[in-house]
Amino acid sequence: MDKEEIFEMAIRELTENALVQRKENLCEDEQKIYDEVRALSTQARDLVKELPQEQQEILTDYFEKTNLIADHECAFLYVQGAKDCIGLLKKLGAL
């Protein structure tokens with residue numbers, strides 16, 4: 001395993017842990033949104049099953065790739081946030 005893979009694994013773990021902690025402390029409004037999304041997800045899956053196979057594959061591929069992009073953007077923002085924090089601390093003279 002090279003350095004890049006180790007960094008990616010560490011970022012993934014840190015991000016996942018942060019999300020677990022966040023979900024444990026959701027306010028009522030945020031919890032409601034998560035519940036709504038779960039219900040909509042079930043409805044969307046049922047709708048997709050009613051489509052012809054080719055259309056099912058297109059939508060499934062779209063949703064999977066959209067989620068993959070969101071995951072990559074989340075990891076990027078995590079790293080960028082750390083860089084921004086270090087830059088700010090340096091400007092403030094804390095580092």
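Predicted model: local features only at pLDDT ≥ 70, side-chain atom pairs only at ≥ 80, totals over all residues.

Reader: Happy to start. Where does Gln-56 lie?

Author: Gln-56 belongs to helix 3, which covers residues 53–91.

Reader: Is Gln-56 buried or exposed?

Author: The general idea is to compare the relative accessible area with a cut-off: buried means under 20%. Gln-56 has a relative accessible area of 19%, so it counts as buried.

Reader: Which residues does Gln-56 touch, not counting those up to four places away in sequence?

Author: With those set aside, Gln-56 is in contact with Val-48, Lys-49 and Leu-51.

Reader: And how far apart are Gln-56 and Arg-12 in space?

Author: From C-alpha to C-alpha, Gln-56 and Arg-12 are 29 Å apart, and in sequence they are 44 residues apart.

Reader: Now the surface, please. Which residues make the nonpolar patch?

Author: Ile-86, Leu-88, Leu-89, Leu-92 and Leu-95 make this surface patch, with an area of about 500 Å². Take Leu-92 as a case: its place is in the segment after helix 3. Exposed means over 50%, and Leu-92 is exposed because its relative accessible area is 61%.

Reader: Which residues gather in the patch of negative charge?

Author: That surface patch brings together Asp-2, Glu-4, Glu-5 and Glu-8. One of them, Glu-4, is found in helix 1, residues 3–24.

Reader: Why is Glu-4 called partly exposed?

Author: Partly exposed is the class between the two cut-offs. Glu-4 has a relative accessible area of 48%, so it is partly exposed.

Key: Residues numbered from 1 in each chain as written. Heavy atoms only, no water. Helix = DSSP H or I, 4+ residues; strand = E, 2+ residues; numbered from the N terminus. Buried < 20%, exposed > 50% of the residue type's maximum accessible area, 1.4 Å probe, protein only. Contact = heavy atoms within 4.5 Å. Patch = residues over 30% accessible without salt bridge, like charges linked within 9 Å, V, L, I, M, F, W, Y side chains within 5 Å. Areas by Shrake-Rupley, 256 points an atom, 1.4 Å probe, with all protein chains shown as cover. Salt bridge = Lys/Arg side-chain N within 4 Å of Asp/Glu carboxyl O. Lys, Arg positive; Asp, Glu negative; His and termini not counted. Charge placed at Lys NZ, Arg CZ, Asp CG, Glu CD.
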